Amino acid sequence: MALTAPRPPQQPRTVQGSGSGPAPPGAGRTADLPPVHNALICVALPCLAISPEHGQLTGTGLEGVYQSGRRLLSRCQLRIAGREPVAVQSRLVSADRATFFAVVRTPADIGPDPEVAVERSRDADGTERITLRSSAARPLRLPVEIALGTDLASLGAVAAGRPGPELRASVHDSGMRWSAGTGSHAVVTADPPPKDALASAGMLRWEVELAPGASRTIELRVRSDRPARPSGRTGCHPFAEARAEGDDPRLQALLRSSMGDLKGLLLRDPGGSADVYLAAGVPWRCGPAPADALWASRMALPLSTRLAAATLRTFGRTQLSGPGSDFGRIPGPLRDAGPHLPPSCTGVEATLAFPSVLAEAWRWGLPEQELLGLLPTAERCLHWLRQAAGDDGVLPEPGPSGARRAETQAHAHRAALLGADLLEAFGRPGAEGWREWASTLRRRFREDFWIDDRAGGRPAAARLADGRPVPHLGGGAAHLLDTGLLGGGRLAPGLLDKVQTGQLARLLGGPALDSGWGLRSLGAKEPGHNPFGHRAGAVRVHETVVAVAGLAAAGYEKEAVSLLRGVIDAAEAFRYRLPEMYAGEQRTADGAPVPHPAGCRPAALAAAAGIQLLTTLAGIRPDAPARMVALRPVRCVPLGAVQLSGLCVAGEPFAVRISRLGLGMVEEAADGLQLGV
């Protein structure tokens with residue numbers, strides 16, 4: 001269930017957590033929203049652990065171990081010989097595990113060099129291993145204390161700044177137990193069992209003896225009395241392990257991190273099936289977000305079609321089937337569309353995404369039997385589009401505003417053309433009608449949505465109900481270049497003509513939009529620009545990668561490469577776990593990308609964008625039904641030679657190598673798969 005988190009009025013977001021209730025009105029102020037940009041977040045949904053860089057859980061902000069949207073542990077503070085360890089390093093080992101290194105100085109130490117090192121390894125499920133290692137030349141006897149506590153608050157309440165008081169503990173087995181009036185419980189057990197347990201302080205105590213050079217480990221386990229929902233990681237992953245090798249070692253680091261985050265964000269279908277889908281992001285959007293999940297599964301198609309198929313089935317089951325104008329729509333909440341437009345409806349985005357994702361999954365190798373089971377849902381999505389479009393063929397936003405967003409028209413145009421492709425291939429009626437509808441929309445868009453000016457013109461962000469254009473230029477224009485994949489490795493025609501496409505490429509590559517770290521969601525010179533605004537100037541990673549792919553496909557490699565290098569450099573600065581967004585501050589020679597304090601990290605679209613960014617270098621365009629694949633690599637080879645292996649085309653492993661000369665070579669493929677022109 002979605003929980004409204006305190007955000008600025010012009011930037012509504014949602015906090016989602018399974019098993020949580022709605023936050024009361026006025027549950028917090030914007031300033032109360034806990035920052036997460038410096039947190040180490042371990043994810044294996046529905047479990048996550050949010051830790052500060054020093055590793056001590058103090059109960060501040062969002063810190064803690066969560067399961068199914070409930071904080072099971074908010075405080076876990078370690079003291080050795082009466083002192084807190086001195087933190088020296090922390091890092092994410094994988095998407096679901098972090099390690100924290102510290103040292104301890106004891107009163108018996110001589111000189112400045114500490115003789116006891118502490119390593120803490122914390123998993124998303126709350127399991128923690130605390131290892132003490134001695135470098136002393138003499139035996140040590142060290143008192144170890146761990147203070148534990150929890151409020152058993154929901155993630156939404158914690159985000160709103162209303163977590164509630166810490167609960168009283170009781171000694172339980174080899175640890176502590178807490179209970180709340182809501183019926184929630186949490187238990188922490190320790191191995192080896194503590195020597196003493198003090199319930200009033202939530203304290204566990206040991207006397208640890210360390211011989212010279214020896215080590216001892218204490219393991220803590222956190223659990224709820226209620227069984228957790230099955231993780232999306234249970235059983236086989238929906239994609240295999242891929243690798244990126246080549247001249248730039250950062251590519252493998254980005255691919256590894258992106259795949260780990262995608263696995264950590266997997267959730268099981270709440271309807272009880274074995275299907276999985278991606279949560280939008282942690283910590284604010286851990287529940288179903290149909291549009292984000294569908295677009296992310298589309299970007300991840302090079303890894304496998306299984307995730308896309310499962311996501312399509314999951315949200316296809318939510319499609320509205322009752323009589324009326326909503327028949328065929330996949331529901332979704334409203335979300336911010338920037339300072340110049342009313343909120344957009346993610347249900348519209350999801351409904352338009354469905355036929356496109358299904359069509360491209362088929363081209364990548366989705367089995368025909370699975371496609372046939374999903375095709376009726378796609379047809380109902382197209383039916384909704386036909387009914388919702390205006391008499392002029394342009395699709396308005398739902399609600400009283402009547403605004404017609406350019407980005408929505410791009411999604412509708414793609415759905416029509418790729419939907420027609422499916423209908424024709426499987427003998428369903430209506431294919432030619434949808435191509436004619438798309439042709440009419442193209443003509444109308446080029447006339448009504450293009451604003452001529454002395455600089456060569458620009459696409460309007462939208463047209464209002466009275467016909468006035470919204471001229472503000474932002475990163476959302478990149479979706480006009482995302483036309484969709486047809487058969488034979490061909491791309492569908494776009495809404496813009498050749499001259500307009502060239503002008504948009506120049507705008508996307510200009511300093512007003514290209515920050516040096518990626519594409520700003522609103523140009524730096526536009527009214528209302530805010531480098532931290534979610535859709536008002538911040539860099540949104542997936543939008544930047546959509547621009548990179550679209551520009552490269554259209555032949556504008558200079559602009560594409562500038563954005564690509566910006567994102568790769570930003571990924572390195574973020575230790576290869578790309579956030580959903582970061583500040584659109586202009587890059588300087590000695591600068592670094594500025595984090596957004598409330599950006600989800602990890603985020604499904606950002607992680608999947610890392611996959612698409614790498615496969616864009618190779619320009620892979622499959623047509624599995626025709627048993628062919630085309631390669632359109634970026635000819636200037638901006639990151640040197642690269643080899644991608646462990647991908648999947650036509651249900652079989654696929655590997656490709658791009659040489660330093662920009663030549664693409666298939667090194668592994670399914671039997672009978674031919675290289676197209």
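**Entry 1: α3 against α5**

I started with a contact between two helices: Pro290, Ala291, Leu294, Trp295, Ser297 and Arg298 in α3 meet Thr346, Glu349, Ala350, Ala353, Val357 and Glu360 in α5. I sorted these residues by class and got seven nonpolar, two polar and three charged. A note to myself before going on: this is a predicted model.

Next I looked up how the two helices lie. Two packed helices are described by the angle between their axes and the distance between the axes. For α3 (residues 290–299) and α5 (residues 346–364), the angle is about 25° and the axes are 8 Å apart. Angles under 35 degrees count as roughly parallel, and α3 and α5 are therefore roughly parallel to each other. Their crossing is left-handed.

**Entry 2: how covered is α3?**

How many of the ten residues of α3 are buried? I found that ten of ten are, so I wrote the helix down as mostly covered. The list holds Pro290, Ala291, Asp292, Ala293, Leu294, Trp295, Ala296, Ser297, Arg298 and Met299.

Asp292 has 6% relative accessibility and so counts as buried. Leaving out residues up to four places away in sequence, Asp292 touches Ala280, Arg285, Arg335 and Leu605.

**Entry 3: two further partners of α5**

I stayed with α5 and turned to helix α4 (residues 306–316). α4 and α5 pack at an angle of about 150°, with their axes 10 Å apart. Since angles over 145 degrees count as roughly antiparallel, that is the word for α4 and α5. The crossing of this pair is left-handed. From α4, the contact takes in Ala308, Leu312 and Gly316; from α5, it takes in Phe354, Val357, Leu358 and Ala361. By class I noted six nonpolar residues, one polar and no charged ones.

Then I moved to helix α7 (residues 406–425). The axes of α5 and α7 come within 8 Å and cross at roughly 40°. That makes α5 oblique to α7. This crossing is left-handed as well.

**Entry 4: helix α9 and Pro459**

In α9 (residues 498–508), I listed Gln500, Thr501, Gly502, Gln503, Leu504, Ala505 and Leu508 as buried. What do the buried residues of α9 pack against? They pack against α8 (431–448), β26 (450–451), β27 (458–459), α10 (541–554) and α11 (557–573). At the start of α9, I saw a side-chain oxygen of Asp497 within 3.2 Å of the backbone nitrogen of Val499.

From there I went to Pro459, which is in strand β27. Pro459 is buried, with a relative accessible area of 2%. Its contacts beyond four places in sequence include Phe449, Trp450, Leu473 and Leu504. Pro459 and Val499 are 40 residues apart along the chain, and their C-alpha atoms are separated by 12 Å.

Ile41 is in strand β3 (residues 40–44). Is Ile41 buried or exposed? At 1% relative accessibility, Ile41 counts as buried. Ile41 lies 241 residues from Val282 in sequence, but the two C-alpha atoms are 8.1 Å apart in space. Neighbours within four places aside, the contacts of Ile41 include Leu48, Leu92, Val282, Arg601 and Pro602.

The peptide bond from Arg601 to Pro602 is cis, with omega near 15°, and Pro602 is in the loop between β31 (581–582) and α12 (604–618). I found a cis bond from Leu45 to Pro46 too, with omega near 15°; Pro46 lies in the loop between β3 and β4 (47–51). I marked these because most peptide bonds are trans.

**Entry 5: two positive phi values**

Most residues other than glycine have a negative phi. Arg627 is not a glycine, yet its phi is positive, about 55°. Arg627 lies in the loop between β32 (620–623) and β33 (628–631) and, at 33% relative accessibility, counts as partly exposed. Ala650 has a positive phi as well, of about 60°. Ala650 lies in the loop between β34 (642–649) and β35 (652–658), and its 17% relative accessibility makes it buried.

Conventions
Residues numbered from 1 in each chain as written. Predicted model: local features only at pLDDT ≥ 70, side-chain atom pairs only at ≥ 80, totals over all residues. Heavy atoms only, no water. Axes fitted to C-alpha atoms, helices over the stretch in contact; angles between N-to-C directions. Helix = DSSP H or I, 4+ residues; strand = E, 2+ residues; numbered from the N terminus. Parallel < 35°, antiparallel > 145°, perpendicular 65-115°, else oblique. Left-handed = near helix turned anticlockwise from the far one by under 90°. Contact = heavy atoms within 4.5 Å. Nonpolar A, V, L, I, M, F, W, Y, C, P; charged D, E, K, R; others polar. Buried < 20%, exposed > 50% of the residue type's maximum accessible area, 1.4 Å probe, protein only. Polar contact = N/O pair within 3.5 Å; in protein donor to acceptor, adjacent residues only side chain to side chain.
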